[in-house]
Amino acid sequence: MIFTGTIVNAAAIIAGSLIGHFFHAHLPKRIVDGVIRGMGLITFYIGFTMAMKSDQVLIILVSLVIGTIVGEWINIDKGLENLSTSVKEKFHFKNERFAEGMITPFLLFCMGSMTLLGAIEEGLGNEPRLLLTKSVMDGISSIALASALGISVLFSVIPLLIYQGGITLLTMVVGNQFSQPVLNEMTGVGGILLIGMGFNLVTNTRLKILNMLPALVVAIVLAYFFVKH
């Protein structure tokens with residue numbers, strides 16, 4: 001069945017979010033704040049690890065500049081914020097960090113190379129082994145995230161299904177055109193975005209990381225044409 005890996009991945013996040021939400025409801029605010037900062041430090045680590053996979057600093061720089069210009073023009077951040085507000089109002093949630101609870105897990109779950117390789121693997125008609133492994137990891141991570149950010153983590157599956165399923169669908173159409181050098185540059189840009197997200201979590205700032213997401217597409221194009229395969 002097509003998209004099995006992504007569907008299982010979403011189900012694992014939903015289950016983990018429900019478990020984490022139970023703990024969130026019983027934890028004092030100071031512990032919740034501590035968990036959020038801890039997740040920020042882990043995000044820093046993951047981001048730096050991913051960023052080091054790139055061998056082309058110039059590609060990362062140009063990708064971020066062009067991608068941010070496009071993202072600010074489209075204003076992806078505002079679109080997802082409106083979506084999160086609609087969900088929050090419809091279900092009468094009172095969590096002040098509801099939007100962050102959707103955005104942060106989505107970026108953590110979707111920026112890694114396992115997401116890319118797993119979605120490509122499934123798009124090529126193979127067994128979704130990577131995505132099933134990722135499902136276990138994301139399920140565990142969602143428990144920690146939901147214990148800090150609440151039930152909003154559950155709704156991160158909405159952009160995840162669109163993004164991860166979109167890569168699978170694209171692979172079905174174009175075939176395996178994603179060489180390792182291309183994936184490395186895309187992963188490197190994703191690492192920079194996660195570093196920014198970690199900064200948001202640790203310092204409680206508001207960098208609009210979502211508006212930088214088009215940099216991933218720019219990185220693919222630049223790496224495809226300017227990096228040896």
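Select Val62 to begin: with a relative accessible area of 28%, this residue is partly exposed, a label for values between the buried limit (under 20% relative accessible area) and the exposed limit (over 50%), computed with a 1.4 Å probe on protein chains only. The structure is a predicted model, in which local features need pLDDT of at least 70, side-chain atom pairs count only at pLDDT 80 or more, and totals for chains, interfaces and linings use all residues. Residues are numbered from 1 along each chain as its sequence is written, and side-chain values use heavy atoms, with hydrogens and water left out.

**Stop 1: Val62 and the end of helix 3**

Val62 belongs to helix 3, residues 57–74. Here a helix is a DSSP run of H or I with at least four residues, a strand is a run of E with at least two, and both are numbered from the N terminus.

Next, select Asn75, in the loop between helix 3 and helix 4 (76–91). Its phi is near 60°, a positive value in a residue other than glycine. Most residues other than glycine have a negative phi. Is Asn75 buried, partly exposed or exposed? At 28% relative accessibility, Asn75 counts as partly exposed.

**Stop 2: helix 2 and helix 9**

Select residues 29–51 (helix 2) and residues 180–203 (helix 9), which pack at an angle of about 160° with their axes 7 Å apart. Helix 2 is therefore roughly antiparallel to helix 9. The axes are lines fitted to C-alpha atoms, for helices over the stretch in contact, and the angles run from 0 to 180 degrees between N-to-C directions. Angles under 35 degrees count as roughly parallel, over 145 as roughly antiparallel, 65 to 115 as roughly perpendicular and the rest as oblique. The crossing of helix 2 and helix 9 is left-handed; this term applies if the near helix is turned anticlockwise from the far one by less than a right angle, and right-handed applies if it is turned clockwise.

The residues that meet include Gly40, Phe44 and Gly47 in helix 2 and Gly191, Leu194 and Gly198 in helix 9. Contact means heavy atoms within 4.5 Å.

Now select Ile192, in helix 9. At 31% relative accessibility, Ile192 counts as partly exposed. Its C-alpha atom is separated by 9.1 Å from that of Phe44, 148 residues away along the chain. Leaving aside neighbours within four places in sequence, Ile192 is in contact with Ala51, Ile60 and Leu64.

**Stop 3**

Select residues 98–110 to display helix 5. This helix has 13 residues and reaches 19 Å from its first C-alpha to its last, close to the expected 18 Å; the expected span is 1.5 Å times one less than the number of residues. Of its 13 residues, 12 are buried, so helix 5 is largely enclosed by the rest of the structure. Among the buried residues are Phe98, Glu100, Pro105 and Leu107.

Which residues does Met111 contact, leaving aside its neighbours within four places in sequence? They are Met50, Tyr163, Gly190, Leu193, Leu194, Leu213 and Leu216.

**Stop 3: helix 8**

Select residues 157–174, the 18 residues of helix 8, which reach 25 Å from first C-alpha to last, close to the expected 26 Å. The axes of helix 5 and helix 8 come within 9 Å and cross at roughly 30°. That makes helix 5 roughly parallel to helix 8. Met102, Phe106, Phe109 and Cys110 of helix 5 make the contact with Pro159, Leu160 and Tyr163 of helix 8. This crossing is right-handed. The buried residues of helix 8 include Val157, Gln164 and Thr171. Just after helix 8, Gly175 takes a positive phi of about 80°.

**Stop 4: helix 6**

Finally, select residues 113–123, helix 6. This helix is mostly covered, with 8 of its 11 residues buried, including Thr115, Glu121 and Glu122. The covering elements include helix 1, helix 5, helix 7, helix 8 and helix 9. Just after helix 6, Gly125 takes a positive phi of about 90°.
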